Structures are given as structure tokens and as C-alpha cells.
Amino acid sequence: HQLPHVPYHDSKLTLLLKHALGGPTLTSVVVTLRGEREHALETIDSLRFAVALSRLENSPEHNHMDAAAEAVREVDGRIAAVEERIRRKERWVTSLLVRHDPRHQRGEATVAEEKVTRSEVVGAEEERRELEELLARRLLLLGR
């Protein structure tokens, strides 16, 4: 029992591959042939299919790796911009903190009051949060 012949342009395979065969992708097709006489018609049809495919000209826009690299470059640009805003906005603030020891008793060797100088970076808290989000997104794009 032999299956009926289906021209390649009407085949389910061609329908399934229509985006790969004529869309914005790079496609490789391997056509396999049989040398036996009983497969001659099928072999000729396969060769015709291969010739028709070889005449197709696709214009790939860009592949997945290009898209991922472009996304990383875009995030890197945003990271650089946020880092620059942080450099412009951040500043060191120094304050004097006076701590009292409520348990201190007169005559002890310790002091009742201690003055501590405290310095901290302030002024770009929102930008720091944005930078953390961008760095996390970059790691995700890189698959880490």
C-alpha cells in the first residue's frame, strides 16, 4: 500500500516551515534521498523541493543572540546613565552623635556621655534602587 503523492507546496511540512522558509530567519534544510529505483519519484520530488528552497532569499533581521546582546547593551547604557546621576547627586554627610549612658554612675572609669562622628552617603537613594534593579536585569539577560 503506497501513500498518495503530495506536492511540496501543499505538504504539511511546508506549511509548518512557512515562517522558517520565507520569514526573517536563517534556515538550513537537509534533504535526504534514496538511490533505489522504487523511490525514484520521491527522490526527484525531494530534489525539486531542495532546488525550490535554494532559490528562496530570506532577509534575517537579527537572531536571538543579537537581540540578547542588544538588550544587554541597552541595559548597560541605562546603568551608565544611572551611575552618572548617582555621582552628581550623592554627597557625604557628617553628623555628630552624642550618646548618653543611662547606667553611668559618678566615680566610674567610663564616661557618661560619648561623642561619635558619623558619616554616610546620601542624596541618591532612588537612583541606587534603580541601579540594583538594572544590575539584576543584566544578570538575568546574561543567564546568571
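**Before you start**

Residues are numbered from 1 along the chain as its sequence is written, and side-chain values use heavy atoms, with hydrogens and water left out. In this predicted model, local features need pLDDT of at least 70 and side-chain atom pairs count only at pLDDT 80 or more, while totals for chains, interfaces and linings use all residues.

**The whole chain**

Show the chain as a cartoon. Its secondary structure comes to 5 helices and 2 strands, where helices (H or I, at least four residues) and strands (E, at least two) are DSSP runs numbered from the N terminus. From the N terminus on, the order is α-α-α-α-β-β-α.

Next, colour by pLDDT, the predictor's confidence in each residue, from 0 to 100. The chain averages 81, and 76% of the residues score at least 70.

Switch to a surface. The accessible surface is about 12,300 Å², and carbon and sulfur atoms account for 54% of it; such areas come from the Shrake-Rupley method with a 1.4 Å probe, and for residues only the protein chains shown count as cover. Buried residues make up 14% of the 144 residues. Buried means under 20% relative accessible area, exposed over 50%, and partly exposed in between (1.4 Å probe, protein chains only).

**Stop 1: helix 3**

Select residues 40–54. Helix 3 has 15 residues and reaches 21 Å from its first C-alpha to its last, close to the 21 Å expected at 1.5 Å a residue. The expected span is 1.5 Å times one less than the number of residues. The buried residues here are Thr43, Ser46, Phe49, Ala52 and Leu53. An α-helix has 3.6 residues a turn, so residues three or four places apart point the same way.

**Stop 2: the largest nonpolar core**

Select Val75, Ile79, Val82, Ile86, Ala124, Leu131 and Leu134, the 7 residues of the largest nonpolar core. Helix 4 (64–89) and helix 5 (125–141) each give two or more residues to this core, and the largest share, 4 residues, comes from helix 4. A nonpolar core is a set of buried Ala, Val, Leu, Ile, Met, Phe, Trp, Tyr and Cys residues joined through side-chain atoms within 4.5 Å.

Stay on Ala124. Leaving out residues up to four places away in sequence, Ala124 touches Ile86, Lys89 and Glu90; contact means heavy atoms within 4.5 Å.

**Stop 3: Glu127**

Move to Glu127, in helix 5. Glu127 counts as buried because its relative accessibility is 8%. Beyond residues up to four places away in sequence, Glu127 touches Val82, Arg85, Ile86 and Lys89.

**Stop 4: Val72**

Select Val72, in helix 4. With 11% relative accessibility, Val72 is also classed as buried. Val72 touches Arg138, Leu141 and Leu142, again not counting residues up to four places away in sequence. Val72 and Leu140 are 68 residues apart in sequence, yet their C-alpha atoms are 9.7 Å apart.

**Stop 5: Ser119**

Finish at Ser119, in strand 2 (residues 113–122). Is Ser119 buried or partly exposed? Its relative accessibility is 42%, so Ser119 counts as partly exposed. Trp92 is 27 residues from Ser119 in sequence and 6.5 Å away, C-alpha to C-alpha. Show side chains to find the polar contact between those of Ser119 and Thr94, at 3.1 Å. A polar contact is a pair of N or O atoms within 3.5 Å; within protein, one must be able to donate a hydrogen and the other to accept it, and residues adjacent in sequence count only if both atoms are side-chain atoms.
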